[in-house]
Amino acid sequence: MDCDAENTFLYMKDRIKAMDLRGFKKCRVNRAGCFDRCIDGPLLVIYPDDIWYRYIDHNDIDEIINEHVVKGNIVKRLFCLLYTSDAADDSLRVDLGGRR
């Protein structure tokens, strides 16, 4: 894992556990294989919302947990727009419209 992703993964896992957000019908922090999105830097995805975030440090992780996981709000400053590779017009795959 690059970009200190392993340390960040462990930090997020510990924060979720400490906040009692881990468990059935709650939250689970998993490793993923390559997203093929290296240009975007380190990424994480919130499912089932299918919201992708890029992050820099533990402060970003805390903000994602507090705002998105706990409150259900998209953290717009960390939100990562994804483009489809098969779209003829390179249209956005993710749109904030209609989301929380």
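1. The largest nonpolar core has 20 residues, a core being buried Ala, Val, Leu, Ile, Met, Phe, Trp, Tyr and Cys joined through side-chain atoms within 4.5 Å, with buried meaning under 20% relative accessible area (1.4 Å probe, protein chains only). Met 12, Ile 16, Leu 44, Tyr 53, Ile 61, Ile 64 and Ile 65 have the most contacts inside it. H1 gives the largest share, 5 residues.

2. A quick caveat: this is a predicted model, where local features need pLDDT of at least 70 and side-chain atom pairs pLDDT 80 or more, while totals for chains, interfaces and linings use all residues. Numbering starts from 1 along each chain as its sequence is written, and side-chain values use heavy atoms, without hydrogens or water.

3. Now the helix pair. The axes of H1 (residues 5–18) and H2 (residues 58–70), lines fitted to C-alpha atoms over the stretch in contact, come within 10 Å and cross at roughly 40°.

4. Who touches whom here? H1 uses Asn 7, Thr 8, Tyr 11, Met 12, Arg 15 and Ile 16, and H2 answers with His 58, Ile 61, Asp 62, Ile 65 and Val 69; contact means heavy atoms within 4.5 Å.

5. Ile 16 is worth a click. Beyond neighbours within four places in sequence, Ile 16 contacts Leu 21, Arg 22, Cys 27, Val 29, Ile 65 and Val 69.

Definitions and conventions
Axes fitted to C-alpha atoms, helices over the stretch in contact; angles between N-to-C directions. Helix = DSSP H or I, 4+ residues; strand = E, 2+ residues; numbered from the N terminus. Buried < 20%, exposed > 50% of the residue type's maximum accessible area, 1.4 Å probe, protein only.
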